[in-house]
Amino acid sequence: KFKKVVLSRKETIIEKDINVVKTFTKLLNTYDNAFVYVWFHPKVGLWMGATPETLIKINKKSFETMSLAGTQVCKTNKQVYWKAKEIDEQQLVTDYVLQKLKVICRTVKASKVETIKAGNLLHLKTIIKGNFSNNTSELIKVLHPTPAVCGYPKDVTKNFIIENEGYDRAFYTGFLGEINMPKSELYVNLRCMEIYKKELSIYVGGGITKESVPLKEWEETVAKSEIMKRVL
C-alpha cells in the first residue's frame, strides 16, 4: 500500500523540578547547528526542542527546503557508511519533494546528498532551492507533511498513522517559526518534548520501509530520545 511510513512513540519522564530557562540554555549550548526553541501557546502547551530539519526558508520569491532522512549514531573517528535502506529512504523524500514542487514552481534544483551531524546522530540531507510564483501558504501545504515525518504516498500513510499509531502526536512533526515579509523561516518540530506540570513527554519516530529491521528501528528511537535527555 505504501513505500514508507513514519511511525512514532512518546516517552514520558517525571521531573519534579524542571527549570525551563536553564534547560533551554543547555539546548542552545549543546546543539548549535539546530533550530533551538522554547514555545508556549494556550491551545498547544509548552514545548521545547532542537530540530535539525528546515521546512522552508523564503526570501521574496526564492525558497530553500531540504529532504532529511536516514539515521545512524555518530561514532567518533569512524568512516561513515550508509546502508541501502537509509539511502533509498532519503532519496524517496527528495524525489517526492521535487515532484510536488515542480508543479507550482518556476525553477527547482537539488544539491548532492551530504551527511550532517545533529547531536549524537547523523542524517542524510539534500538541499532543494527554487523560485515560486504562488503564495507562501500554498508552498507550505505542498511540503507538509513530507515523507520524512509522514510517509509515501502521503494520504495513505497519513490515514495509516491516524488509525494505527495509538496516540495523539499533538504538535510533534508540526512546524513552527516566524512568517515575515519578505523573509520567513519555518522548521519541522522534531527532537522535541512537551512540558506539562511535572511530566516531560519526549516524542521520537522513524521511517519504516520494507527493508526495516524492527529492533534497529526501535534502537533508532532510543538514540533520538537522548537528544532531549542529555540536557535534563
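Q: Which residue takes a positive phi in the hairpin of E7 and E8?
A: The model is a predicted one, in which local features need pLDDT of at least 70 and side-chain atom pairs count only at pLDDT 80 or more, while totals for chains, interfaces and linings use all residues. Residues are numbered from 1 along each chain as its sequence is written, and side-chain values use heavy atoms, with hydrogens and water left out. Strands here are DSSP runs of type E with at least two residues, helices are runs of H or I with at least four, and both are numbered from the N terminus. The hairpin has two residues between its strands, and the positive phi, near 70°, belongs to Gly119.

Q: Which residue is the bridge partner of Ala118 in E8?
A: Two strands count as paired if DSSP finds at least two bridges between them. Strand E7 (residues 114–118) meets E8 in the antiparallel sense over five bridges. Within E8, the partner of Ala118 is Leu121.

Q: How many bridges join E5 to E8?
A: Strand E8 (residues 121–132) also pairs with strand E6 (residues 105–110), antiparallel and through five bridges; there Lys109 stands opposite Lys129. Lys129 is likewise the bridge partner of Glu64. E5 and E8 run antiparallel, and the number of bridges that join them is 11.

Q: How many of the 12 residues of E8 are buried?
A: Buried means under 20% relative accessible area, exposed means over 50%, and partly exposed lies in between, with a 1.4 Å probe and protein chains only. By this criterion strand E8 is mostly covered, and the number of its buried residues is 10.

Q: Which backbone oxygen lies 2.6 Å from a polar atom of the side chain of Thr65?
A: Thr65 belongs to strand E5 (residues 62–73) and is buried because its relative accessible area is 4%. Its C-alpha atom is separated by 6.1 Å from that of Ile127, 62 residues apart along the chain. A polar contact is a pair of N or O atoms within 3.5 Å; within protein, one must be able to donate a hydrogen and the other to accept it, and residues adjacent in sequence count only if both atoms are side-chain atoms. The oxygen in question is that of Leu55.

Q: Is Lys85 buried or exposed?
A: Lys85 lies in helix H2 (residues 84–104). Leaving aside neighbours within four places in sequence, Lys85 is in contact (heavy atoms within 4.5 Å) with Gly207, Thr209, Glu211, Ser212 and Glu217. Its side chain reaches the backbone oxygen of Gly207 at 3.0 Å. Because its relative accessible area is 11%, Lys85 is classed as buried.

Q: What radius of gyration does the protein chain have?
A: The chain comprises five helices and 13 strands, and buried residues make up 48% of its 232 residues. The radius of gyration is taken over C-alpha atoms, and the globule rule is 2.2 Å times the number of residues to the power 0.38. For 232 residues a compact globule would have a value near 17 Å, and the chain agrees, with 17 Å.
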